[in-house]
Amino acid sequence: LQAVASAQRNPDKKQVIIVQGPPGSGKSALAANLWIECALRYSKQGNIVFVTTSSSQRSNWEKIFKDSSQSYSKYSFIKPANLYNPGLYGSGVKRLRERGYAMDPQKWRSNIEAYVKEGGKIGVPDNNHFLSIVDEAHALINPEQHRIGFASGWCLQAGPQAYHILRGCKISVFLLDSYQSYRDSETTSVKNLRDFAHQNNAELREISLEGQQFRCGGSQQYENWVEK
């Protein structure tokens with residue numbers, strides 16, 4: 001909330017917050033409460049978006065938000081990460097290849113330059129949203145240095161989802177546990193997020209939930225007993 005307040009005072013400076021925590025440390029609960037608190041305090045500043053990384057996650061959050069609040073649980077505030085696509089899709093990639101562009105996923109910046117050069121418009125402009133909160137951010141797709149096959153509806157030639165989320169928002173909050181990634185397309189690391197923040201000249205804050213245990217009623221001792 002301090003970062004949100006800081007962004008309100010200095011709208012020209014991006015804010016990036018990385019929250020790391022092991023399973024059960026309360027990342028999702030923190031994300032939901034942060035979204036609600038910011039919707040109550042800062043909705044006049046612009047869109048406050050809860051970003052999901054899978055269809056099952058999105059449907060669950062939609063139901064939870066709808067059941068919990070009539071005023072602030074609008075479906076439009078829960079968006080899949082795929083909607084941060086800058087404008088590159090399969091048909092556009094094919095057309096650009098026909099015009100002589102390589103369109104290699106590893107060279108996604110060049111792909112976007114080609115797209116704009118050929119008259120394309122960026123789908124999500126810079127700082128389009130005031131705040132985006134991404135739960136399970138480790139599941140965001142990043143084709144850099146990865147040979148990804150199936151990408152769950154994301155055009156790999158568009159580049160890293162996290163980069164476009166960060167670019168399109170004044171404040172970006174990423175909650176993740178890098179050890180939870182289990183699909184080949186879940187390739188976003190903490191280092192990636194730090195690099196993207198630096199590339200966008202953003203103020204970076206990092207928070208650790210290490211040692212916290214929300215799922216077991218706050219009992220780290222119980223978790224230690226189970227582990228042993």
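A residue counts as buried here when its relative accessible area is under 20%. The model in these views is a predicted one.

**View 1. Ser25, tucked into a loop.** Ser25 sits in the loop that links strand S1 (15-20) to helix H2 (27-42). With a relative accessible area of 6%, Ser25 is buried, because the cut-off is under 20%. Its side chain reaches back to the backbone oxygen of Pro22, at 2.7 Å. Leaving out residues up to four places away in sequence, Ser25 touches Leu209, Gln212, Gln213 and Phe214.

**View 2. The open sheet, strand by strand.** Here we have 6 strands with parallel pairing, in the order S3-S2-S4-S5-S1-S6. Strand S3 (78-80) and strand S6 (203-208) are the edges, each pairing on one side only. Going from one strand to the next, the twist averages 20°. Zoom in on strand S2 (residues 48-52) and strand S4 (residues 129-134), and you find a parallel pair held over 4 bridges. Within that pair, Val49 has Ser132 of S4 as its bridge partner. Helix H2 packs on the sheet, where it touches S1, S2, S4 and strand S5 (169-176). The direction of H2 makes about 160° with that of S2.

**View 3. Strand S1 and its two neighbours.** How many of the 6 residues of S1 are buried? The count is 5, so S1 is largely enclosed by the rest of the structure. On the S5 side, S1 pairs in the parallel sense over 6 bridges, and Gln15 stands opposite Ile171. Over on the S6 side, 6 bridges join the parallel strands S1 and S6, with Val19 partnered by Ile207. Helix H7 (residues 190-199) lies across S1, S5 and S6, and runs at about 170° to S1.

View 4. On helix H5 (residues 108-117), the buried residues are Trp108, Asn111, Ile112, Ala114 and Tyr115. These cover an arc of only 160° around the axis, so they end up on the same side of H5. What do they pack against? The buried residues of H5 meet helix H4 (90-98) and helix H6 (161-167). Turn to the face pointing away from the buried side, and there are the exposed residues Glu113 and Lys117. After H5 comes Gly119, which has a positive phi, near 100°.

View 5. As background, nonpolar side chains in soluble globular proteins tend to be buried together. In this model, the largest nonpolar core has 36 residues. Which of its members touch the most others? Those are Leu88, Leu140, Ile165 and Phe174. At least two residues of this core come from each of S1, S2, H4, H5, H6, S5 and H7. Another core, of 24 residues, lies apart from that one, and its members include Ala31, Leu131, Ile133 and Val173.

Key. Residues are numbered from 1 along each chain as its sequence is written. This is a predicted model: local features need pLDDT of at least 70, side-chain atom pairs count only at pLDDT 80 or more; totals for chains, interfaces and linings use all residues. Side-chain values use heavy atoms; hydrogens and water are left out. Buried means under 20% relative accessible area, exposed over 50%, partly exposed in between (1.4 Å probe, protein chains only). A polar contact is a pair of N or O atoms within 3.5 Å; within protein, one must be able to donate a hydrogen and the other to accept it, and residues adjacent in sequence count only if both atoms are side-chain atoms. Contact means heavy atoms within 4.5 Å. Two strands pair if DSSP finds at least two bridges between them. Axes are lines fitted to C-alpha atoms, for helices over the stretch in contact, and angles run from 0 to 180 degrees between N-to-C directions. The arc is that of the directions from the helix axis to the C-beta atoms. A nonpolar core is a set of buried Ala, Val, Leu, Ile, Met, Phe, Trp, Tyr and Cys residues joined through side-chain atoms within 4.5 Å.
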